[in-house]
Amino acid sequence: MQEQQQQLKDFKFKKLLLNSPETQTIVLLGYFEDENKEAVLIFKKKPFSDDYQNNLNKIIQQNKYFENDIFTRYNIEIQNDEWNEIDLQTIYPATQKLINKYTKCDSIIVVETPEIYNSVVKKYIDEVKTNSLQWLYNILEGKAEQERILYQNQDMHKGFIILPDYKFNDFTNTQQLYLLAITQRRDIQSLRDLDGSHIELLENIQRITEQTIQEKFKIFKNKIRAYIHYHPTYYHLHIHFTHIEVQETSMNCDRSHPLHQVIYNLKKDPSYYKNTPLMYSIQSTNPLYSQLKQITEQ
Ligand code: M7G
């Protein structure tokens with residue numbers, strides 16, 4: 001403990017990797033004694049504790065900086081209290097991969113027209129589509145996570161498997177429920193491949209997953225979000241089902257397409273996802289980034 005505190009005092013700052021007002025986090029890169037052994041420090045403001053009256057009594061400064069009608073904002077300072085506490089995670093020595101993970105990267109908004117999809121994106125998906133899918137094939141082929149499966153239908157065309165996402169581990173905390181429905185068929189890489197012929201499959205997945213969640217976790221469908229990512233990380237059709245309390249950056253509107261909306265769109269127009277422009281954000285670490293940046297800057 002003593003040694004750790006000493007080290008923090010000796011930290012030499014090199015670079016700011018991230019300053020995020022949304023997550024109230026800053027990430028610093030630096031080192032302790034040896035400049036070649038880098039350290040990452042992640043500072044995050046802590047959630048409020050619930051000792052309200054005691055903390056309010058400790059306000060020592062109150063400066064108004066905004067007022068309009070009934071709306072007023074202040075900068076306040078609280079003496080010595082847990083509301084000011086900050087959580088610090090250190091990674092030392094930090095690998096380049098971890099440094100990249102915590103570094104803010106540039107992002108752009110892409111409106112992917114069918115032309116952009118057909119000329120650039122499809123080629124990329126065809127090249128990488130089976131990359132990193134081994135974990136998912138292991139589940140479908142009965143080689144991994146079999147004890148976690150909640151429902152399965154082995155039919156190679158109509159079948160699918162429902163199981164917990166690996167982010168959901170504490171089954172006693174059902175407010176963190178996060179399930180995946182993964183299709184047996186391997187020919188649907190993404191939302192772009194869906195057409196009217198898949199409506200029955202999607203409706204079955206929706207109905208059976210909602211039933212399974214109600215039976216196993218006693219949660220009604222009005223507490224469940226079901227959505228598909230475009231672009232996903234893994235190009236094999238899977239649908240996310242999360243409890244409404246799950247706060248995940250992965251469900252942000254840049255990537256998530258609600259399942260009920262997808263089914264509705266396909267019913268209205270069986271070729272909807274072949275013809276519609278799709279908007280998303282893409283980070284500079286994505287291999288498609290430079291090509292799409294060039295196209296979208298024209
Ligand atoms: P995605 O939409 O392809 O990408 O979702 P995202 O990760 O950017 O959201 C894939 C989902 O699969 C994510 O929610 C992952 O947490 C989950 N996942 C990834 N892996 C490697 C596994 C795994 O091995 N087992 C399980 N059960 N879930 C996984």
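Visitor: Which strands each supply at least two residues of the shell around the ligand?
Guide: Those are E10 and E12. Keep in mind that this is a predicted model.

Visitor: How many residues surround the ligand, and which are the closest?
Guide: There are 15 residues around the ligand. The closest are Glu-145, Asp-165, His-229, Thr-233 and His-238.

Visitor: How do the residues of that shell divide into nonpolar, polar and charged?
Guide: Seven are nonpolar, four are polar and four are charged.

Visitor: What about His-238, how far is its side chain from an oxygen atom of the ligand?
Guide: An N or O atom in the His-238 side chain is 2.9 Å from a ligand oxygen. For Arg-255, a side-chain N or O atom is 3.0 Å from an oxygen atom of the ligand. Lys-167 has a polar side-chain atom 3.3 Å from a ligand oxygen.

Visitor: How much of the ligand's accessible area does the protein cover?
Guide: On its own the ligand has 590 Å² of accessible area, and the protein covers 89% of that.

Visitor: Back to the strands. What is the order in the open sheet of six?
Guide: The order is E8-E9-E10-E12-E11-E13, and the pairing is antiparallel.

Visitor: Which strands stand at the edges?
Guide: Strand E8, residues 151-152, and strand E13, residues 256-258. Each has a single partner strand, so one side of each has no neighbour in the sheet.

Visitor: How many bridges join E11 to E13?
Guide: Three, with E11 covering residues 224-229 and the two strands running antiparallel. Within that pair, Tyr-227 has Pro-258 of E13 as its bridge partner.

Visitor: Which helices pack on the sheet?
Guide: Helix H6, residues 199-217, touches E8, E9, E10, E11 and E12, and its direction makes about 35° with that of E9. Helix H7, residues 259-268, touches E11, E12 and E13. The direction of H7 makes about 70° with that of E13.

Visitor: New topic. How do E4 and E5 pair?
Guide: E4 (residues 59-68) and E5 (residues 71-78) pair in the antiparallel sense, over eight bridges. Gln-62 is opposite Ile-76 in E5.

Key: Residues are numbered from 1 along each chain as its sequence is written. This is a predicted model: local features need pLDDT of at least 70, side-chain atom pairs count only at pLDDT 80 or more; totals for chains, interfaces and linings use all residues. Side-chain values use heavy atoms; hydrogens and water are left out. Two strands pair if DSSP finds at least two bridges between them. Helices (H or I, at least four residues) and strands (E, at least two) are DSSP runs, numbered from the N terminus. Contact means heavy atoms within 4.5 Å. Axes are lines fitted to C-alpha atoms, for helices over the stretch in contact, and angles run from 0 to 180 degrees between N-to-C directions. A residue is near a molecule or strand if one of its heavy atoms lies within 4 Å of it. A polar contact is a pair of N or O atoms within 3.5 Å; within protein, one must be able to donate a hydrogen and the other to accept it, and residues adjacent in sequence count only if both atoms are side-chain atoms. Accessible areas come from the Shrake-Rupley method with a 1.4 Å probe; for residues, only the protein chains shown count as cover. Ala, Val, Leu, Ile, Met, Phe, Trp, Tyr, Cys and Pro count as nonpolar, Asp, Glu, Lys and Arg as charged, and the others, Gly among them, as polar.
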